[in-house]
Amino acid sequence: MEHVIKKMCGINIEFRPCPFCGNRPEWVEVDGNDFIMRCSSCHASTKAARWTPEEAAADWNATEIEDDHYTITEDTKIDEYLEHGIKKVLFSEYSNRYSFPALDDGFLCSEAVIITNKMKLCIEPENTYLLYDEISEYGYDYYIRPMAHESAEITFAESKWENERLISLSFCCDGRTITISASAEYEGMIVREK
């Protein structure tokens, strides 16, 4: 699912300014074609995804806004999230037709879930960038390929950025370096091992 900033036409709603930086919010479409409101500057957001833009707007105007809830593209705090300890990294199938197509030095997948000591993050591709959201739950039947066996130690190595957008994440696991990056060519993510 591609995350796109939505500029809604024909909806006349007056928004209160962001409580953290004073800028205006914007709609963001998230998984399941749902919507949140997010500050266009600091990315503080509403707490829950809603079915319609109007419901998301009502949340923005009526409820407490969180400083970092729906993190989508430009929050460099992902390094801080991952440095606190990684329990698991799981990958979803590339598509319904192909399980995890092999490449010379890795495989293709659609998404990843990273479970840390503090939170769960969903990683998704958008062209050549990686998007990430904090999530509460995920389906074990969907994320079926683990990065390593249950007892393996996974540590965060580095993130790479281009124009304030995340382009790759690297991990150390069982003496290997595993890198996740987005591929516009394959419309998915490439997981490479060295």
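How many of the residues of strand β7 (residues 112–116) are buried? Select the strand and you have the answer: five of its five residues are buried, so to speak a mostly covered strand. Here buried means under 20% relative accessible area, exposed over 50%, and partly exposed in between, using a 1.4 Å probe and protein chains only. Strands (E, at least two residues) and helices (H or I, at least four) are DSSP runs, numbered from the N terminus.

Before moving on, note that this is a predicted model, where local features need pLDDT of at least 70, side-chain atom pairs count only at pLDDT 80 or more, and totals for chains, interfaces and linings use all residues. Residues are numbered from 1 along each chain as its sequence is written, and side-chain values use heavy atoms, with hydrogens and water left out.

**Stop 1: β7 and its partners**

Colour the two faces of β7 separately. Ala112, Ile114 and Thr116 lie on one side, Val113 and Ile115 on the other, and all are buried. Phenylalanine 91 is the residue opposite alanine 112. Next, show strand β8 (residues 120–126), also antiparallel to β7, with four bridges. Isoleucine 114 faces leucine 121 in this pairing, and three residues separate β7 and β8 in their hairpin.

**Stop 2: glutamate 111**

Step back into the loop between β6 (106–109) and β7 to find glutamate 111. This residue is buried yet has no salt bridge, and lysine 120, the nearest side chain of opposite charge, is 15 Å away. A salt bridge here is a side-chain nitrogen of Lys or Arg within 4 Å of a carboxyl oxygen of Asp or Glu; Lys and Arg count as positive, Asp and Glu as negative, while His and the chain ends are not counted. Show tyrosine 143 too: its side chain makes a polar contact with that of glutamate 111 at 2.3 Å. Such a contact is a pair of N or O atoms within 3.5 Å; within protein, one must be able to donate a hydrogen and the other to accept it, and residues adjacent in sequence count only if both atoms are side-chain atoms.

**Stop 3: the cores**

Select Ile78, Leu82, Phe91, Ile123, Leu169 and Phe171, the residues with the most contacts inside the largest nonpolar core, which has 30 residues. A nonpolar core is a set of buried Ala, Val, Leu, Ile, Met, Phe, Trp, Tyr and Cys residues joined through side-chain atoms within 4.5 Å. Strand β12 (residues 165–173) gives this core its largest share, four residues. A second, separate core of eleven residues includes Phe15, Cys18, Met37 and Ile65.

**Stop 4**

Six bridges join β2 to strand β3 (residues 34–39), running antiparallel, with valine 28 partnered by isoleucine 36.

Arginine 24 sits in the loop between β1 (4–6) and β2 (25–30). Is arginine 24 buried or exposed? At 53% relative accessibility, arginine 24 is exposed. Leaving aside neighbours within four places in sequence, arginine 24 is in contact (heavy atoms within 4.5 Å) with Phe15, Arg38, Cys39 and Ser40.

Finish at aspartate 59 in helix α1 (residues 53–62), which is buried at 14% relative accessible area.

Note on methods
Pairing = 2+ DSSP bridges.
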